[in-house]
Amino acid sequence: MVRRTKEEAQETRNSILDAAERVFFEKGVSRTSLADIAQAAGVTRGAIYWHFAHKGDLFTEMFDRVLLPLDELKAASQDPNEPDPLGRLMEICTVCVRDTANDPRRRRVFDILFLKCEFVEDMGPVMARYQTNMREGLTKVETGLRNAISKGQMPADLDTKLAASMVHAFVGGALRDMLFLPDATDFAAQAEQMVEGMFDALRLSPALRKDYAARRSDRAAN
């Protein structure tokens with residue numbers, strides 16, 4: 001009986017998240033109330049408060065569940081015992097872009113985040129959480145790049161902080177582009193090729209070496 005109760009609670013939680021996703025997508029986050037979500041989910045507002053502290057908490061949970069499949073790959077890229085950390089990093093980028101192009105749910109959630117969410121007033125904590133996630137993401141990518149350097153997969157003098165920013169910007173830019181210009185690029189078919197090209201740039205570009213600024217100053221002086 002307890003097991004069944006837990007299963008029912010999880011089903012209710014998932015139905016609330018599904019409803020929030022639909023209503024946020026249709027109305028935008030700021031125009032959506034918890035009453036709207038409760039009505040769409042067929043539950044009371046009390047049921048929502050039993051599972052989620054506030055709208056921002058609900059929004060965060062909705063966003064987090066589409067990113068869970070990447071957690072294992074992220075951990076592998078940072079694992080010093082992983083023989084191919086560069087491959088895991090490339091796989092993370094490819095999966096994120098390709099799966100978003102192929103999966104309507106993931107695309108819908110990113111559409112809400114990038115196009116239908118105003119980070120004002122009651123969404124302030126969500127903005128802070130999103131910024132924290134971005135910082136953590138940059139740190140994890142940089143750790144993965146350093147791991148790749150230790151395995152001889154990237155140049156020893158790679159500016160890992162700058163390179164991590166480029167990786168992060170590439171993924172974010174690809175997600176935004178597929179939402180704004182869905183017909184401009186076949187992200188589902190070309191995600192792997194684009195990711196390979198981006199990491200080739202990290203590996204080969206003189207502009208991404210730690211001494212680049214000094215060498216550029218020397219050239220200017222001469």
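An unreviewed UniProt entry lists residues 33-52 as "DNA-binding region"; UniProt positions follow the numbering used here, feature names are shortened, and annotations may be inferred rather than shown by experiment. The structure is a predicted model, in which local features need pLDDT of at least 70 and side-chain atom pairs count only at pLDDT 80 or more, while totals for chains, interfaces and linings use all residues. Residues are numbered from 1 along each chain as its sequence is written, and side-chain values use heavy atoms, with hydrogens and water left out. The span 33-52 is 75% helix and 0% strand, and its end C-alpha atoms lie 13 Å apart. Helices (H or I, at least four residues) and strands (E, at least two) are DSSP runs, numbered from the N terminus.

Two packed helices are described by the angle between their axes and the distance between the axes. Helix α6 (residues 85-102) packs against helix α7 (residues 104-115) at an angle of about 100°, and their axes are 5 Å apart. Axes are lines fitted to C-alpha atoms, for helices over the stretch in contact, and angles run from 0 to 180 degrees between N-to-C directions. The angle makes α6 roughly perpendicular to α7 (65 to 115 degrees; under 35 counts as roughly parallel, over 145 as roughly antiparallel and the rest as oblique). In the contact (heavy atoms within 4.5 Å), Cys 96, Asp 99, Thr 100, Ala 101 and Asn 102 of α6 meet Pro 104, Arg 106, Arg 107 and Phe 110 of α7. The contact residues comprise four nonpolar, two polar and three charged. Ala, Val, Leu, Ile, Met, Phe, Trp, Tyr, Cys and Pro count as nonpolar, Asp, Glu, Lys and Arg as charged, and the others, Gly among them, as polar.

On a 1 Å grid over the protein atoms alone, a cavity is a set of points where a 1.4 Å probe fits but cannot get out, and a pocket is an open set with protein on both sides within 12 Å along at least five of seven lines; lining residues have an atom within 4 Å of a point. Grid points are joined across faces, edges and corners, and a volume is the space filled by probe spheres set on the points. One cavity of 30 Å³ or more was found in the whole structure. The largest cavity holds about 60 Å³, and α8 gives the most to its lining, four residues.

The largest pocket has a volume of about 740 Å³. Its lining has 31 residues, and Leu 67, Lys 74, Asn 133, Gly 137 and His 168 are the closest to its centre. Helix α8 supplies the largest share of this lining, eight residues.
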